[in-house]
Amino acid sequence: MTRDVKEIFAGERGGSPGASTPPAPAALAAKVRTLGPSMTRSMQRVAEAVAGDPAGCAALTVTGLAELTGTSEATVVRTARLLGYPGYRDLRLALAGLAAQQQSGRAPAITTDIAVDDPIADVVAKLAYDEQQTLADTAAGLDTVQLGAAVAALTTARRTDVYGVGASGLVAQDLTQKLLRIGLMAHAHSDPHLAVTNAVQLRAGDVAVAVTHSGSTGDVIEPLRVAFERGATTVAITGRPNGPVTQYADHVLTTSTARESELRPAAMSSRTGQLLVVDCLFVGVAQRTYETAAPALSASYEALAHRHRP
């Protein structure tokens, strides 16, 4: 299904995939890290230039930045739009804001590559720093308009199905466990066959959530496509906001793409951001359903209390 077809379906269902607001200056570096791997090489040069020297690039015209990066004016404008800005002028304003923040005396980032002979204390420090950076980047780049729309859909859903495999499957289970504890009907599916056969049963008023860092996991995309075509509201939690999964997502929640290494693979770096998004969804839903959520949480605590007594 093409994106055009998706937009037609969305219009028939009373809405659009959701409008995004330009990211704040602090989110620019996070956006570059998240979107960089999926950009063309020429667009990567533009993105790396603006993230590496925001003050210098803020002073350049679109022609000047194109010359600096060895690209074209069209590439510069396309990069600005992919980063979430309506045009190059808006990107320059964000660059100026980012430069001002950097000049306020913030400490430079440390190198966090983990070596095989690192002492365990260094491993702890480096992983803690990377986790903090992933959380900060995800928070900075998260579209609160899309998040609010996803929360609203989950709050009123007759039923919620969540799809994820591997490490993302654990995140899917975490979301459903949280929703169940406040009295909502939710199921996590890591088996691709069960995911599709359950997605067939969804309809308008239901919600389907896909968790895939790469945005291209077929076992997750397929049930989301089925749910989308059945009329359910669909949400994608992904590190690739222009990945294939977004073709079938009414709402896209982007997680940070942290630096990977031999000893810190994608499954580790992606999980941290995904869990933050899941927590934001849960808290948002719990706020909106507080009158029923609070008693449900109390009941679940009481039911398990005897298991925690000495």
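Helices (H or I, at least four residues) and strands (E, at least two) are taken here as DSSP runs, numbered from the N terminus. On that basis the chain has 14 helices and 5 strands, and S190, for one, sits in the loop between β2 and α11 (192–199). The model is a predicted one, so local features need pLDDT of at least 70 and side-chain atom pairs count only at pLDDT 80 or more, while totals for chains, interfaces and linings use all residues. Residues are numbered from 1 along each chain as its sequence is written, and side-chain values use heavy atoms, with hydrogens and water left out.

The chain gets from β1 to β2 by way of helix α10 (residues 167–181), in a right-handed β-α-β crossover. Right-handed here means that, with the strands pointing away from the viewer, the path from the first strand over the helix to the second runs clockwise. Contact, throughout, means heavy atoms within 4.5 Å.

Further along, 5 bridges join β3 to β4 in a parallel run, and A208 has T234 as its bridge partner in β4. A right-handed β-α-β unit is also made by β3, α12 and β4. The pairing of β4 with β5 is parallel over 4 bridges, with I237 standing opposite L253 in β5. Strand β4 has 5 of its 6 residues buried, so this strand is largely enclosed by the rest of the structure (buried means under 20% relative accessible area, exposed over 50%, and partly exposed in between, with a 1.4 Å probe and protein chains only).

What about the inside? Of the 310 residues in the chain, 44% are buried. The largest nonpolar core takes in 27 residues, and V209, I237, L253 and L281 have the most contacts inside it. A core of this kind is a set of buried Ala, Val, Leu, Ile, Met, Phe, Trp, Tyr and Cys residues joined through side-chain atoms within 4.5 Å. Two or more residues come from each of α9 (144–156), α10, β3 (207–211), β4 and α13 (266–288). Leaving aside neighbours within four places in sequence, I237 has contacts that include V209, L253, V277, V278 and L281. There is also a second, separate core of 22 residues, with M43, A80, A94 and L98 among them.

D161, in strand β1, is buried, with a relative accessible area of 0%. Not counting residues up to four places away in sequence, D161 touches, among others, H187, H189, N198 and L202. S190, by contrast, counts as partly exposed at 46% relative accessibility. The contacts of S190, neighbours within four places aside, are with G164 and V165, and its C-alpha atom is 7.8 Å from that of G166, 24 residues away along the chain.

Finally, the structure holds 1 aromatic pair. The ring centres of F228 and Y248 lie 6.3 Å apart and the planes meet at 65°, so the pair is edge-to-face. Rings of Phe, Tyr and Trp (its six-membered ring) pair if their centres lie within 6.5 Å, and planes under 30 degrees apart count as stacked, over 60 as edge-to-face and the rest as tilted. F228 belongs to helix α12 (residues 218–229) and Y248 to the loop between β4 (233–238) and β5 (251–254), so the pair ties together parts that are 20 residues apart in sequence. Both F228 and Y248 are buried.

Conventions
Two strands pair if DSSP finds at least two bridges between them.
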